[in-house]
Amino acid sequence: MSNERKELIYVICLTGFITITFAFGRYIFSMITPDIVSSLNIDYEFIGLINACHQGAYLLFSLLGGILCGYLSVRLLISSSVILCGLSVFVLAFVDNPWILLVIVTLQGIFAATSWIPMVEFVAKNIQEDNRGKSLGIISSGTSFGLILNGFLIPYILTNDTWQTVWFVFGIISLILGAIGVYWICKLKSAPDLQIEKANQKNEYKTEKLVLRNDKSGNYLKHYVLLVALLILSGLYLIPFQSYIVPLMQEDLGLNEQISGIAWSIFGFIGIFSGFIAGVLADKYTAKRAMIITYSISILSIATVVFVHNAAAALFACAIFGLTYNGIFGLHPTYVTRVLPPEKTAKLFGLLNLSLGVGSMIGNYAGGYIKKMTGSFSLAYQLMLMMSILTVMICIFIKSDRNEEGILYEKHHAEARQDII
């Protein structure tokens with residue numbers, strides 16, 4: 001089997017895994033919450049507890065997932081998490097106890113983290129460096145593919161049946177997709193591609209030399225602090241933008257549900273392609289440069305919402321935001337795989353994913369609090385605009401990940417060595 005075909009199969013499988021663990025395992029619950037509330041006779045305080053437990057489990061295992069990669073096979077972690085997540089989605093079809101619901105939804109947060117974090121190390125070891133940006137961009141877009149399927153199927157199912165049927169249908173889909181993906185992931189393991197391994201080993205050696213050099217100079221700590229700050233800021237404004245854009249359009253801008261629905265659909269559709277586009281930029285230039293571009297585009301999106309208050313501006317803002325959202329989250333792991341050897345990527349990415357989650361929790365709470373205190377989302381989006389500008393500034397100061405700025409490759413080695421010294 002050729003390198004290209006093997007890498008394509010890996011990308012398809014991992015994209016399907018993200019669809020299962022995030023679009024199905026994490027986001028179906030929020031789409032059918034009203035039906036669950038009325039059926040199980042619970043209130044939204046209990047729903048808040050479920051969401052908090054889910055998010056807390058996801059954050060904790062974002063960090064622990066990176067640590068587990070040092071003791072367990074990444075294939076085992078990914079495969080078991082995906083199958084268990086699919087099984088949990090299916091089992092929810094038979095749950096009628098709120099506390100059992102809480103436990104299972106909490107477990108889904110764990111499965112999402114322990115599948116996504118090891119994928120970064122898996123990609124670093126099994127996909128050639130020049131294809132990692134595009135690959136991770138497509139993989140991160142798996143959520144968008146799933147959300148589109150959710151949007152088509154869930155309203156139809158709820159119209160004709162119950163919320164339990166939603167879990168049943170998506171549980172079957174998850175188990176079938178998961179089983180096919182795990183089969184191919186395990187099958188390809190038995191026939192490793194020597195060219196990919198040799199190329200990756202070469203890049204690992206060169207990357208490790210960089211890390212060791214930074215350890216001696218003491219600059220690595222500053223570099224990691226910048227990355228953590230970047231991810232916290234990303235959570236503070238990217239996630240709340242998505243969470244509150246529809247309420248802002250309806251309550252602050254006075255737009256109807258039809259317009260906000262169209263805006264949301266545009267965001268989801270464009271999000272499918274944003275990861276791939278950002279990955280192409282990362283592979284052609286650098287992940288750092290691609291992050292500067294995508295974060296800068298997010299500034300334009302938020303500025304449009306802040307300064308122009310009409311339906312056309314809202315639709316434009318959602319389209320632009322969709323162009324950056326998945327792209328940014330695909331660029332983070334791409335960057336990590338290029339500045340660290342594969343065996344160290346999962347731990348750092350786990351820390352960064354934890355930072356993103358903490359930022360998103362604070363940002364979502366702050367956005368809701370500002371709305372409650374001021375009666376408007378205006379101040380919240382003004383703060384998001386300021387934070388988006390800060391992310392671009394941080395991206396300018398982080399290390400590059402490509403030979404043209406003196407990091408990884410032997411090409412222009414003399415120039416790179418001079419820059420480092």
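**Figure 1. Thr 345 in helix α15 of the predicted model.** Thr 345 belongs to helix α15, in a model that is predicted. The relative accessibility of Thr 345 is 0%, so this residue counts as buried. Once neighbours within four places in sequence are left aside, the contacts of Thr 345 are Val 120, Glu 121, Val 336, Thr 337 and Leu 340.

**Figure 2. Thr 334 in helix α14.** Helix α14 holds Thr 334. With a relative accessibility of 0%, Thr 334 counts as buried, because buried means under 20%. Residues up to four places away in sequence are not counted here; Thr 334 then touches Arg 132, Gly 133, Leu 136, Ala 282 and Ala 287. The C-alpha atoms of Val 120 and Thr 334 are separated by 7.9 Å, although the two residues are 214 residues apart along the chain.

**Figure 3. The largest pocket and its lining.** The space in the largest pocket comes to about 1,900 Å³. Its lining is made of 49 residues, and those closest to the centre are Tyr 27, Ser 30, Ile 239, Gln 242 and Ser 243. Helix α15, which covers residues 342–374, supplies nine lining residues, the largest share. By residue type, the lining consists of 26 nonpolar residues, 22 polar residues and one charged residue.

**Figure 4. Tyr 183 and Trp 184, an edge-to-face pair.** The count of aromatic pairs comes to 15. One of them joins Tyr 183 and Trp 184, with 5.6 Å centre to centre and 80° between the planes. Planes over 60 degrees apart count as edge-to-face, which is why this pair has that label. Tyr 183 has a relative accessibility of 47% and therefore counts as partly exposed. Trp 184, at 25%, also counts as partly exposed.

Figure 5. Phe 321 and Tyr 325 are both buried. Ring pairs also link these two residues with Phe 241, Phe 329 and Tyr 381 into a cluster.

**Figure 6. Arg 26 over the ring of Tyr 58.** This view shows a charge and a ring. The charged end of Arg 26 sits over the ring of Tyr 58, and the distance to the ring centre is 4.0 Å.

**Figure 7. Asn 41 in a loop between two helices.** Asn 41 is placed in the loop between α3 (33–40) and α4 (44–68). The phi angle of Asn 41 is near 55°, which is a positive value in a residue other than glycine. Asn 41 counts as exposed because its relative accessibility is 69%, whereas Thr 345, at 0%, counts as buried.

**Figure 8. The whole protein, for orientation.** The secondary structure of the protein consists of 17 helices and zero strands. The protein has 421 residues, and buried residues make up 53% of them. Among contacts between residues at least 6 apart in sequence, 85% join residues at least 24 apart.

Conventions:
Residues are numbered from 1 along each chain as its sequence is written. This is a predicted model: local features need pLDDT of at least 70, side-chain atom pairs count only at pLDDT 80 or more; totals for chains, interfaces and linings use all residues. Side-chain values use heavy atoms; hydrogens and water are left out. On a 1 Å grid over the protein atoms alone, a cavity is a set of points where a 1.4 Å probe fits but cannot get out, and a pocket is an open set with protein on both sides within 12 Å along at least five of seven lines; lining residues have an atom within 4 Å of a point. Grid points are joined across faces, edges and corners, and a volume is the space filled by probe spheres set on the points. Helices (H or I, at least four residues) and strands (E, at least two) are DSSP runs, numbered from the N terminus. Ala, Val, Leu, Ile, Met, Phe, Trp, Tyr, Cys and Pro count as nonpolar, Asp, Glu, Lys and Arg as charged, and the others, Gly among them, as polar. Rings of Phe, Tyr and Trp (its six-membered ring) pair if their centres lie within 6.5 Å; planes under 30 degrees apart count as stacked, over 60 as edge-to-face and the rest as tilted. Buried means under 20% relative accessible area, exposed over 50%, partly exposed in between (1.4 Å probe, protein chains only). A charge sits over a ring if NZ of Lys or CZ of Arg is within 6 Å of the ring centre and within 35 degrees of the ring normal. Contact means heavy atoms within 4.5 Å.
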